[in-house]
Amino acid sequence: MGERAESTGGKNIATRDAYGEALLELGKKRNDVVVLDADLSGSTKTGAFAKAFPGRFYNMGISEQDLIGTAGGLSLTGKLPFASTFAVFETGRAWEQIRQTIAYSHLNVKLVATHSGITVAEDGASHQAIEDIALMRVLPNMTVIVPSDGIETKQVIAAIADYCGPVYVRLGRSKVPVVMPEDYKFSIGKAHTYHTGKDANIIAAGIMVDVALKAMGILKNEGVDAGVINMSTIKPLDNDAVLRAAKASGLIVTAEEHSIIGGLGGAVCEFLSENYPVPVKKIGIKDTFGCSGPSDELMKLYGLTADNIVKTIKEALKK
Amino acid sequence: MTQVRDIGRLKKQARTVRAEILKMLTEAGSGHTGGSLSAADIVTALYFCKMRHNPKDPAWKERDRFVLSKGHAAPLLYTALALSGYFDKSLLKTLRKIGSPLQGHPCSKLLPGVEISTGSLGQGLSIANGMAMGLKMDGLNSRVYCLLGDGETQEGQVWEAAMSASHYRLDNICAIIDNNGLQIDGHCCDVMALEPIVGKWAAFGWHVIDIDGHDMVAVINALDEAETVKKKPTAIVARTVKGKGVSFFEGKVKYHGITPTSDELEKALGELEDIDNG
Ligand SMILES: Cc1ncc(C[n+]2csc(CCOP(=O)(O)OP(=O)(O)O)c2C)c(N)n1
Ligand SMILES: [Mg+2]
């Protein structure tokens, strides 16, 4: 399948920047779109929408629980609300509001959070969401999407606007390389397979797709046939894609900028253990909080690197 | 800890605190400048005059407690702790670096002297209430101070805690609101209006003292007054200027989360010194 679109002029932007642009486009097309934020509109990039459509933007101040409830109320009047703040505060602080009001009642509210994962960097553990996928994934009715780059983010925003129901979208703070092919077309619940490996298959999401593709390249040079899947929809999981990968290689590696508990790795294991048990190695944050530091150093510290994926696959293949 | 009541020395100490904040933030290259500077006089008054605490024994049972509910002012807390002698001043240079106990937001597990990890706004007053209850249960007359941002009081939990403190007559608690009028997205009055601040705390059953948070005499007097109030918690609404002490940072929304360049640092330190000399 398609190569990444970097060479064809794709821009390296943060997924939150793509979100800001996508919201603007959507706001022009649909006047039922309403955006809410909690004193972080500069950081979440909802600020551009606020400027363009001041009558359709609500800054709720530093009150995430109120943010979610208000978004719920707006959806009950037929509006299409997008509620944004940092991932920790959106999914953590307002979790029960999301559970009770948004998920249980299947409201058409889009929860788009930025600053997920450890690449929040210097602000440290209090601001680094490493459990948000887990928190959202356990909720019935909730769809969970983790775009990997700017191209995908824009498509995700367009797609979820057309879908009726609660969705959580996990975005990041830092610039990320383009990983999706130019002709890529996102649809909810459908993974993108770059290559199916005979020796191992890496199922990745978010910024780890780029890292996984690098690992695939290194392994290829060493004679190991590894594949990569971008599992951007974590719920509903693309079971068929996981099954194909497991059948093709018998070794699955999951890679995410999230705890190894409850996230993509958890979702893949839950599915495979019941349907096609094969060994699974999980790359992610190993049940610890993050810490302050530059993004790239933190990625190394927590083993979110191509080298660590390569090492993990080689060790698993030796056994 | 020998505490000073000499206003002149406290004012000078507050300038030293500001200088250290600016230096560590410049070195770190990221962090929260405005909100650290706005509360510098208050925290100086607490750590170097009012609070009973022992840097050699951070877990001393009878100590007064300080909860930095607005955890992003970590550089201010770290400076107060370092200058008090909890750890060596050289550690300030490691702010926000990998392996440092000086995390972007305070972590009590890594740094003695930090009572509780904060950074997610709105949670500190509840914790302070719990401490105040526990101290009362143990028959101790230690006091609990909790510093909140004004924007922070938009969090519902703050008002849940405000209700509890007055319900349980926690007169050993003193909340201080750093009323600098700004938050991240702009002026509080534009983002989510807070006024009447004094009236809100009073309506929740608190004794309220409205002061200029940069007037050291007023700050000390208010803290003294709080100690005499019985059967009610006290809230000090401290009118402050975000970025206080550095003319080109003062009152600017932008300097919430922007650190000084080395040129700005030099100028800022110059301004602080001029006051000392003048
Ligand atoms: C629960 C939560 N929501 C959002 C944030 C992000 N945030 C950090 S500081 C800040 C603004 C704080 O304003 P204020 O309380 O007035 O602090 P100050 O002006 O003293 O810096 C925000 C929204 C946070 N740390 N915690
Ligand atoms: Mg403020």
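Two strands are taken to pair if DSSP finds at least two bridges between them, and helices (H or I, at least four residues) and strands (E, at least two) are DSSP runs numbered from the N terminus. The model is predicted, so that local features need pLDDT of at least 70 and side-chain atom pairs count only at pLDDT 80 or more, whereas totals for chains, interfaces and linings use all residues. Residues are numbered from 1 along each chain as its sequence is written, chains are lettered from A and ligands numbered from 1 in the order in which they are written, and side-chain values use heavy atoms, with hydrogens and water left out.

In chain A, strand β4 (residues 80-84) runs parallel to strand β5 (residues 110-113), and 2 bridges join them. Phe82(A) has Lys110(A) in β5(A) as its bridge partner. Both strands belong to an open sheet of 7 strands in chain A, ordered β3-β2-β4-β5-β7-β6-β12, with mixed pairing. At the edges stand β3 (57-59) and β12 (233-235) of chain A; each has a single partner strand, so one side of each lacks a neighbour in the sheet. From one strand to the next, the twist averages 20 degrees.

Two helices of chain A lie across this sheet, with contact meaning heavy atoms within 4.5 Å. Helix α1 (residues 15-29) of chain A lies across β2 (33-37), β4 and β5, at about 160 degrees to β4(A). Helix α4 (residues 64-75) of chain A lies across β2, β3, β4 and β5, at about 170 degrees to β4(A). These angles run from 0 to 180 degrees between N-to-C directions, the axes being lines fitted to C-alpha atoms, for helices over the stretch in contact.

A nonpolar core is a set of buried (under 20% relative accessible area, 1.4 Å probe, protein chains only) Ala, Val, Leu, Ile, Met, Phe, Trp, Tyr and Cys residues joined through side-chain atoms within 4.5 Å. The largest has 59 residues, and Tyr47(B) and Phe87(B) are among those with the most contacts inside it. Helix α1 (residues 7-28) of chain B contributes the largest share of this core, 9 residues. A second, separate core of 58 residues includes Leu23(A) and Met216(A).

The magnesium ion (ligand 2) has as protein donors (N, O and S atoms within 2.8 Å of the metal, or 3.2 Å for Na, K and Ca) Asp150(B) (OD), Asn180(B) (OD1) and Leu182(B) (O), 2.1 to 2.2 Å away. Asn180(B) and Leu182(B) are both buried.

Between the chains, 24 residues of chain A are in contact with 24 residues of chain B.

How values were computed: Buried means under 20% relative accessible area, exposed over 50%, partly exposed in between (1.4 Å probe, protein chains only).
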